[in-house]
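Here is a short note to read beside the model. Please keep the structure open as you go through the points.

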Amino acid sequence: MTTRQEPRPSDEARPFWDATREQRFVLPWCTDCERALWYPRTTCPSCFGSAVEWRADAGRGTVYAASVHHRPGPGRDADDGPYAVVLVDLDAGVRIMSNVVGCPPEAVTAGMRVMVAWEPLSEGRNLPVFRPTPEDA
Amino acid sequence: MIREALDDAGLTLADVDGICCSGIATGIAEYLDLRPTFVEGTFVGGSGFELHVEHAAAAIAAGLCEVVVGVYASTPRLDRRLGTTPASFGPMGPDMAAEWEAPYGAMVPMTSYALAADRHMTQFGTTAEQLAQIAVDTRRWAAMNPRARYQDPITVDDVLASPVVASPLHQLDCCLRTDGAGAYVLTTAERARDLRRPPAYVLGAATASDHWVISQMPDLTVTPGARSGPAAFAHAGITTDDVDVLEAYDSFTITALLHLEDLGFCAKGEGGAFVEDEKLGPGGSLPTNTNGGGLSYTHPGQYGIFLLAEAVRQLRGSAGERQVDGAEIAVAHGCGGVLSATATVVLGTEATL
């Protein structure tokens, strides 16, 4: 299991972290302008409305940019080796930072199709990461 | 540093009625027993000092104050050696990075710049060699700065042979971590004329901001400098052709490359080809980061004040061996956070007024 710095959950994102206990990937949506938003917040950055609801998401997207980290960042163990940090453009229309796992880190490049996968955190939570979709693996 | 800056101007603390720093400006005022009428403590990362100059110049023009001192000091290198905790940056607002980036092993700020470099390469075919050329030319300037931490020449091959920290960036694509400090005095043009040393004049300035964490940056290949740069140039009534010396924040080689594009020295996506002919270095057509930059001279965390100091040296003709002949207009372009907020200051000699 990869060593990680545990995320510190904000009040705004509690539904997100709760859903990860069942490995469900959910996104906050503004019901006024029908847009997903990221990161979770209480007001929509597009219309400034506060009608935010959580919806299930397929967790699929495309890598926008990738970097293989050879020096371990905060919370990472050098023994875990190099890892890929990415920005993923989710099909829902938002961009999220993550890792791509399940393939050599140097194989991760912009344009790669990915889908959500889960890595365990403490207290039953899970961290969403991504892996190449089967046709891209 | 405040003492040195005031001595340089021939002023004393009694003349000061405005204070700027990247944090709690009232604390510095208290420490010096000042009673300022202008207090500017905006924190936007390393570009704060250019933003402060913009705001202080506007305040002086509006009659809010007459003599403003701006200051910076940081000792991350010493702190690491002693195991002490560095002074806080001040109130930071919500910490989105702790929740949404740190669990992925993201390094602050390196991960963001590595992702920006990767995206530039993907979108425009920029190469590691082209980025390395920026580090090489900056080191050539540092060789002429006796205070620069690294002065030995390097080659493109040296950069590419240095360890990859976060691809595509190598160790020598990254700025230093040093101790350092700086300060400046800003006052009316009328008063500056009679002071001890020749002043540099603020011809124009502008600020722009568009995100704080990297996932919120709309396009990783376009910084807010694409707005603050042209706005400052328009304010000053200049074009890129008028710029004799460019001091452009180089936290990483990709940072400097993005500035060249966003300030309009070349088209978007052409920065790589633009720097290939060594034009940024000594003797080149666009002398850039003439003190050796954050890459080779110094980088205590927020580098922006050193851009201003070097721009003023060049306009005064006091840059020694690295002096750019006939420098009349210098640009100090700060970039703070993770390509988050830029502030551009156009400075000129008296002849440019």
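1. What radius of gyration would a compact globule with 137 residues have, and what does chain A have? This is a predicted model, so treat each value as computed from it. A compact globule of that length would come near 14 Å. Chain A has 15 Å, which agrees. Along the principal axes, its C-alpha atoms fill a box of roughly 45 × 35 × 25 Å.

2. Now the make-up of chain A. It has one helix and eight strands. In sequence order the pattern is α-β-β-β-β-β-β-β-β. Of its 137 residues, 33% count as buried.

3. Next, contacts within chain A. Take those with a separation of 6 or more. Residues 24 or more positions apart account for 52% of them.

4. Look at strand β3 (residues 52–56) of chain A. Is it buried or in the open? It has five residues, and the number buried is zero, so β3(A) lies largely in the open. Strand β1 (residues 26–30) of chain A is joined to β3(A) by five bridges, and the two run antiparallel. One pair to find: L27(A) has R55(A) as its bridge partner in β3(A).

5. Finally, the two chains together. How many residues of chain B are in contact with chain A? The count is 24, and they meet 32 residues of chain A. On the chain B side, α5 (96–100), α6 (110–124) and β4 (164–166) each give two or more residues. The largest share, six residues, comes from α6(B). By type, this side of chain B divides into 15 nonpolar, five polar and four charged residues.

How values were computed
Residues numbered from 1 in each chain as written. Chains lettered and ligands numbered in written order. Predicted model: local features only at pLDDT ≥ 70, side-chain atom pairs only at ≥ 80, totals over all residues. Contact = placed C-beta atoms within 7 Å. Helix = DSSP H or I, 4+ residues; strand = E, 2+ residues; numbered from the N terminus. Nonpolar A, V, L, I, M, F, W, Y, C, P; charged D, E, K, R; others polar. Buried ≥ 20, exposed ≤ 12 C-beta atoms within 10 Å, placed from the backbone. Pairing = 2+ DSSP bridges. Rg over C-alpha atoms; globule rule 2.2 N^0.38 Å.
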